[in-house]
Amino acid sequence: MRPQFRVLAAGLAAALLSAPLWADTTDVKTQSIVRVAKKGAHCVNDPNCINRYHPAIPAVARAKPGQLIIFETRDALDSNLNATSEPKDVTAIDLNLVHPITGPVHIEGAKRGDVLAVTLIDVDPDEYGYTTVVPGFGFLRDLFPKPYIANWKLNRMEAVSDQLPGVAIPMNGFMGTVGTMPGYPEVDAWLKRENDLGAAGGIALPPQPTGARPDAVCGPNGSHKDKCLRTIPPRENGGNMDIKQMVVGTTLLLPCYVDGCGFFVGDVHYAQGDGEVAGTAIEIGAVVTVRTEIRKGMASLMKSGPHFEGGSQLKKLEPDRFHATVGYPTKAEGEIPPYTTYLDSKKIAPLGNLSEDLTLAARRSLIEMIDWLVATKGFSREQAYVFTSVACDMRIGNVVDVPNYAVSTICPLETIKR
Amino acid sequence: MNRRQAFALLAGLVVGPAFAHSPYRQWAVFRQRFLLVTTTRDDKGADDLGEEIARIVLAQLPDSRAQVSRARDWSVLASLLTTKQTELAVMAKERSAALYKGETPYQDFGPSPLRVIVQTDRYRLVCRDDFPVHHAYLLCEALMEEKEVQGFSVLGDSVIPAHPGAMAYMRGDKLPPASENEKEIRRAQ
């Protein structure tokens, strides 16, 4: 073969082996879509909406692995908040209605013990979002006792708010709540541990039939009204995890506890900082597109909670410029951190230092950042708190340097144009 | 302690016992410290009256920290009241009567033991029957200071009973003492 033909043949072979131009796109041409639509103004009117977990909740749709599933979702509070909402609108939040979620969807072929791999394809946000300070709720609930709301105007690029002039938050949407339905053993085990915690004075949320959906299973006259799990805590089945790295392109691995998995989605966040410190992100309704795959028998690898995986998505979340603070588990003598009050510890109060306490380190780091934003950027304290909730990341520096484990709060400066 | 001070931490005194071991504790922190007058976005008249009530109570009893809390709609308001997430609400007369009787559209909430503190020709300020007598008396007293301006009255409602504390004020009785439970909480503050 002449040299020039050898080069041509080699190039052709390489192209055939590597170029996506030659990929088989048959599946794309023939794929079908399962759409789980939103109906009515609120969850109570929507047969495709639930706000409790229980294996007796029937699926509202079926999908094959590989099919695109489109979920039309509601905001976390099932609210009618809008661009004119005021602080007094956030003090009457009904805990019974948190969180409305869309589904569940039966994934054909999935069995208990399998893993459902869910790849997030797209998040199409509503045009409005909100971030609230709900009194009594949030990481610094003791320091921010007044209600506050930032109303956001959104597109697929960025969010702006009259309440935070000069701030533009880029979209990094993800599913705040996403998971699979628990089985009967999980319901019993999780209810027991949460009841035990509540009995010890901790914060736990037992079943509440008022406002529960679906009414036939979880409502006041429902078949399992005393066993339907609340959606506020995330658990081994996923749920309200609020993890910002689960963005478009990542794949979430969820254990299946019931045949068909009972897959659900809701509570989409337009953007959020690691920690979601004020208690809310930029909360939105959205249209979410995912594709699922079954990984047989892999659920045994997930005892603590879901896993997730991806590639370069995390790079997009990194700031161009940042300012960061560092906190250690130190405190004023006499202070009892709010998250330890239920332990009634007489030893904690007089100490000026706690050991190996990441929560206290995070608290110190965050307060330092809020003070810095107020001093250097002209924010009010409420504005700074909301900003950190939607834009700043709390990260663990070390969990070895006793007693002062370190937590950083990292704020992207390019989002502040003031 | 004078009457203005007697309202200090009223909401805490009311909500505290109910939420001592409650799942709603995080939300209840605020609701313990502020007297919330709950209204709804879908009834502007109720919201406007709620603002007036909060203003009057705050002026008369500043330690109550009274302010309006505005629910999404009538169903959320009913849920908040009946699941002890709020204590006071301004409701149109026909709506409060329906909730009291558990009639449409409130049949899911069942008959609810509401009591009236004050009312106007269109609205009632209602609470549950476990609202302390001591506090209902003080609220009624504060609001009736402006009965001519606002058209407040207590008696004469044949649908929902008046709260015993409001009744006591209208009869000219002395301020009922705080309950032992309330005193215990006050000592603990």
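This briefing looks at chain B and the interface that it forms with chain A. The model is predicted, so local features need pLDDT of at least 70 and side-chain atom pairs count only at pLDDT 80 or more, while totals for chains, interfaces and linings use all residues. Residues are numbered from 1 along each chain as its sequence is written, chains are lettered from A in the order in which they are written, and side-chain values use heavy atoms, without hydrogens and water.

**Chain B by itself**
- Chain B holds 10 helices and 5 strands, taken as DSSP runs (H or I, at least four residues, for helices; E, at least two, for strands).
- Of its 189 residues, 57% are buried, meaning under 20% relative accessible area with a 1.4 Å probe, protein chains only.
- The accessible surface of chain B is about 7900 Å², with 49% on carbon and sulfur atoms (Shrake-Rupley method).

**Where chain B meets chain A**
- On chain B, 28 residues are in contact with 36 residues of chain A (heavy atoms within 4.5 Å).
- The two chains bury about 2700 Å² between them, which is the accessible area (1.4 Å probe) lost on being put together, summed over both.

- The interface has 6 salt bridges (side-chain nitrogen of Lys or Arg within 4 Å of a carboxyl oxygen of Asp or Glu).
- A:Asp89 and B:Arg41 form a salt bridge at 2.7 Å, N to O.
- Elements giving two or more residues to chain B's side include α3 (25-33) and α4 (44-60), and α3(B) has the largest share, 6 residues.

Conventions
Buried < 20%, exposed > 50% of the residue type's maximum accessible area, 1.4 Å probe, protein only. Areas by Shrake-Rupley, 256 points an atom, 1.4 Å probe, with all protein chains shown as cover.
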